[in-house]
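I opened my notebook to get to know a structure that was new to me. Here is what I looked up, entry by entry.

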Amino acid sequence: MESKRILIADDHFAIRAGVRLLLSNEFSNVEFGEATDAREVLEKLAHDRWDLIILDINMPGRNGFDILKQLRDDRNPTPVLVFSMHREELVALRALKAGASGYLSKDAADTELPKAVRQLLAGGKYITMPVAELMASQLQNPGSEAPHELLSDREYQTFLLLASGKTVSQIAEELSLGVSTVSTYRVRILEKMGMKNNAELT
């Protein structure tokens, strides 16, 4: 079987190493590459052929949603498995709508990651049963989106970080943005979601 090339995009060394180790034990014919931010991902895509990208949503600077949008704009057909710490009901549908070929929570990596990778390398899509149920629910009840679905991708990423307990200053540093910019996102998020403070967001 022809060798496959997988790009692991995550800003945490331990995650990249863990994914590489787990998949190396399952696939004998895979070459790996690594990227720690959007710039590295796009550089590696420009210079090499990849059969799959395993992509974290939360990375410094441009986030995973930005990368999905760039791939779509460039008409790049490389399949993307979004691999995130966030619960499926918060991120999966947005990632799939943005062009991802699959979504997997990091909590399920040990059992599901090899299965997801096998599916995507074979040209398929990968979603878990809870995500399939979410998709079915939205099809049956169009217009029933949760308030967070009203947010832009950058607002959404800020929302997730606020809800995890991070301060505006911490988020600004993590996303390489100005404190005033993140504060503006926070105001918009609260307005769109009809909430008054971070505690309600959480």
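Predicted model: local features only at pLDDT ≥ 70, side-chain atom pairs only at ≥ 80, totals over all residues.

**Entry 1: a serine in a strand.** I began with Ser 105 and found it in strand 5, which covers residues 102-105. Is Ser 105 buried or exposed? With a relative accessible area of 10%, Ser 105 is under the 20% cut-off, so Ser 105 counts as buried. I then asked which residues Ser 105 touches, leaving out those up to four places away in sequence. The list came back as Phe 83, Ser 84 and His 86.

**Entry 2: the whole chain.** Next I stepped back. I counted 10 helices and 5 strands in the chain. The radius of gyration is 17 Å, close to the 17 Å that the globule rule gives for 202 residues, so the chain is as compact as a globular protein of that length. I also looked up the span of the C-alpha trace along its principal axes, and it is about 55 × 40 × 30 Å. Of the 202 residues, 47% are buried. For contacts with a separation of 6 or more, I found that 65% join residues 24 or more positions apart.

**Entry 3: surface and charge.** The chain exposes about 10,300 Å², and 52% of that comes from carbon and sulfur atoms. I looked up the charges too: there are 24 positive and 29 negative ones, and their mean positions are 3 Å apart.

**Entry 4: rings.** How many aromatic pairs does a search of the whole structure find? The search gives 2. One of them joins Phe 65 and Tyr 156 edge-to-face, with 6.3 Å centre to centre and 65 degrees between the planes. Phe 65 belongs to helix 3 (residues 64-73) and Tyr 156 to helix 7 (residues 153-163), so this pair ties together parts that are 91 residues apart in sequence. Tyr 156 also pairs with Phe 159: the ring centres are 5.8 Å apart and the planes are at 40 degrees, so I wrote this pair down as tilted.

I checked where Tyr 156 and Phe 159 sit, and both are in helix 7, 3 residues apart, about one turn of the helix. An α-helix has 3.6 residues a turn, so residues three or four places apart point the same way. As for cover, Tyr 156 is buried at a relative accessible area of 0%, and Phe 159 counts as buried at 6%. Phe 65 is buried as well.

**Entry 5: around helix 7.** I stayed with helix 7 and found it mostly covered, with 9 of its 11 residues buried. Among them are Arg 154, Glu 155 and Leu 160. What do the buried residues of helix 7 pack against? They pack against helix 3, helix 4 (88-97), helix 8 (168-175), helix 9 (179-193) and helix 10 (198-201). Just after helix 7, I noted that Gly 165 takes a positive phi of about 100 degrees.

**Entry 6: the start of the chain.** Last, I looked up Glu 2, in the segment before strand 1 (4-9). Glu 2 counts as exposed, at 55% relative accessibility. Leaving aside neighbours within four places in sequence, I found Glu 2 in contact with Asn 29 and Arg 49. From Glu 2 to Gly 64, 62 residues along the chain, the C-alpha atoms are separated by 28 Å.

Note on methods. Residues numbered from 1 in each chain as written. Heavy atoms only, no water. Helix = DSSP H or I, 4+ residues; strand = E, 2+ residues; numbered from the N terminus. Rg over C-alpha atoms; globule rule 2.2 N^0.38 Å. Buried < 20%, exposed > 50% of the residue type's maximum accessible area, 1.4 Å probe, protein only. Contact = heavy atoms within 4.5 Å. Areas by Shrake-Rupley, 256 points an atom, 1.4 Å probe, with all protein chains shown as cover. Lys, Arg positive; Asp, Glu negative; His and termini not counted. Charge placed at Lys NZ, Arg CZ, Asp CG, Glu CD. Phe/Tyr/Trp six-rings, centres within 6.5 Å; stacked < 30°, edge-to-face > 60°.
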